[in-house]
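This report covers selected backbone and packing features of one structure. The sequence and the model come first.

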Amino acid sequence: MNLKITDSWKNILQAEFEKPYFEQLINYVKEEYAINKCYPEPNQIFEAFNLCSFEDLKVVIIGQDPYHGEGQAHGLCFSVNEGVAHPPSLKNIFKEIETDLAIPYPESGNLERWAKEGVLLLNATLTVQSKNAGSHQNKGWEQFTDAVITIISEKKEHVIFLLWGGYAKKKGKKIDQKKHCVLTCGHPSPLSANRGYWFGNKHFSKTNNYLKNNYLPVIKW
């Protein structure tokens, strides 16, 4: 399996990679990929890190699981491969951007462009079995992504964390809110959005305003 992660993050996370739980996790993932159809592709498991260097990181969006349907997941939370139909949560994200920033609804659901601008699109669990949501939870990924959030909080300043829904908010306990900006609201899933917990959050304009106020380049959402 190709599980490479860019040097920018490798150096920062090296101590985590050497812990026993992480070795067990990777052995579990290798075994799962050998016997079951899993997503994303092995070389894209760390894609969120590979497209957004630690140095360039300005925003963190926390998802839960990768998509478990054919051709959807490619290592970035909420994002889908080029040409793939937009899942409901992604549609609601784009609709909020449309009203918040008057940006037209995009054709592509691939969010690589955000990652390259400094948005870490981090799922709490980085792998999943095909058509089996949550199948790789509680195997070690959550401990790893908790460590990632803690390290970002400790080593960076003025990062914006977008925590959507209860699960992401729990991950937010690792963040030093005196150093960073934490924005929370309901999840963009239809269940939450239709109850009034998503639309109108203005997280995208608020993010750019915070970046401007700290003399950092804004994100082209």
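A102 counts as exposed because its relative accessibility is 67%; exposed means over 50% relative accessible area, buried under 20% and partly exposed in between (1.4 Å probe, protein chains only). The model is predicted, so local features need pLDDT of at least 70 and side-chain atom pairs count only at pLDDT 80 or more, while totals for chains, interfaces and linings use all residues. Residues are numbered from 1 along each chain as its sequence is written, and side-chain values use heavy atoms, with hydrogens and water left out.

**Backbone**

A102 lies in the loop between α4 (88-101) and α5 (112-116). Helices (H or I, at least four residues) and strands (E, at least two) are DSSP runs, numbered from the N terminus. The phi of A102 is positive, although the residue is not a glycine. K202 also has a positive phi without being a glycine, and K202 sits in the loop between α8 (190-193) and α9 (203-213). With 43% relative accessibility, K202 counts as partly exposed.

| Residue | Phi |
|---|---|
| A102 | near 55° |
| K202 | about 55° |

Most residues other than glycine have a negative phi, and most peptide bonds are trans. Y39 and P40 are joined by a cis peptide bond with omega of about -5°. P40 belongs to the loop between β1 (38-39) and α3 (47-51).

**Packing of α9**

H203, F204, S205, T207, N208, Y210 and L211 are the buried residues of α9. These buried residues pack against β2 (59-63), α4, α5, β5 (160-164) and β6 (181-185). The axes of α4 and α9 are 8 Å apart, and the two helices pack at an angle of about 60°. α4 is therefore oblique to α9. Axes are lines fitted to C-alpha atoms, for helices over the stretch in contact, and angles run from 0 to 180 degrees between N-to-C directions. Angles under 35 degrees count as roughly parallel, over 145 as roughly antiparallel, 65 to 115 as roughly perpendicular and the rest as oblique. On α4 the contact (heavy atoms within 4.5 Å) involves I93, E96, I97, D100 and L101, and on α9 H203, F204 and S205.

**Core**

The largest nonpolar core holds 69 residues; such a core is a set of buried Ala, Val, Leu, Ile, Met, Phe, Trp, Tyr and Cys residues joined through side-chain atoms within 4.5 Å. F49, I61, W114, L120 and F144 have the most contacts inside this core. Apart from neighbours within four places in sequence, L120 touches residues including W9, F49, I61 and V148.
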